[in-house]
Amino acid sequence: LLVILDAEVGAFAGLSYEDQEGDQPPPSPSPGHPSSATPASNSRGHSVSPPPLRSQFEIRTLKEEGNKAYQAGDYSTAIARYSKALELDPTHHVLLCNRSAGYYKLKDYVNALKDAEQCVKLKSDYAKGYSQKAAALLKL
């Protein structure tokens with residue numbers, strides 16, 4: 001099973017996070033590249049390391065499962081999948097935005113707002129985060 005998982009993870013090695021609009025962060029520099037020694041920073045200036053490759057595969061799988069559940073109208077399951085993925089990478093702004101949408105659909109506007117606010121703190125130029133925030137605020 002580990003060999004199969006390692007093969008699957010390897011197949012995803014070149015993939016990065018995607019949101020529904022296809023936005024992707026810039027590719028990571030190769031090892032030895034001068035900028036590879038400097039970890040990324042979040043909006044508060046704290047260094048953030050990307051999750052390990054195996055975790056990235058799990059995050060992607062959980063996100064896809066959450067998206068399918070959301071599209072099927074199973075918002076509780078979608079929230080659970082996004083939440084599990086966020087345990088692996090709490091800085092994934094798209095997951096926060098997606099979970100916010102799930103909370104919104106369940107009329108849990110307080111949690112929808114919390115996730116939307118965290119999303120825009122992490123990625124201040126992410127328009128969907130502001131849209132989710134506005135939608136939640138309108139219901140409160």
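Accessible area here comes from the Shrake-Rupley method with a 1.4 Å probe. I start from that value. The chain exposes about 8,600 Å². Carbon and sulfur atoms supply 55% of that area. I keep in mind that this is a predicted model.

**Entry: the overall layout**

I looked up the elements next. The chain holds six helices and two strands. I read their order from the N terminus as α-β-β-α-α-α-α-α.

Then I checked burial. Of the 140 residues in the chain, 31% are buried.

I also looked at contacts between residues at least 6 apart in sequence. Of these, 55% join residues at least 24 apart.

**Entry: helix α4**

I turned to α4, which covers residues 93-105. This helix has 13 residues. From its first C-alpha to its last it reaches 19 Å, close to the 18 Å expected at 1.5 Å a residue.

Is α4 enclosed or open? I counted its buried residues, taking buried as under 20% relative accessible area. The count is 11 of the 13 residues, so α4 is largely enclosed by the rest of the structure.

I noted which residues these are. The run goes His-93, Val-94, Leu-95, Leu-96, Cys-97, Asn-98, Arg-99, Ser-100, Ala-101, Gly-102 and Tyr-103. Charged Arg-99 is listed there among the buried residues.

What covers the buried residues of α4? I found that the cover includes α2 (53-71) and α3 (75-88). It also includes α5 (109-122) and α6 (127-139).

**Entry: just past α4**

I followed the chain onward. Just after α4, Lys-107 takes a positive phi of about 65°.

Methods. Residues are numbered from 1 along each chain as its sequence is written. This is a predicted model: local features need pLDDT of at least 70, side-chain atom pairs count only at pLDDT 80 or more; totals for chains, interfaces and linings use all residues. Side-chain values use heavy atoms; hydrogens and water are left out. Helices (H or I, at least four residues) and strands (E, at least two) are DSSP runs, numbered from the N terminus. Buried means under 20% relative accessible area, exposed over 50%, partly exposed in between (1.4 Å probe, protein chains only). Contact means heavy atoms within 4.5 Å. The expected span of a helix is 1.5 Å times one less than its number of residues.
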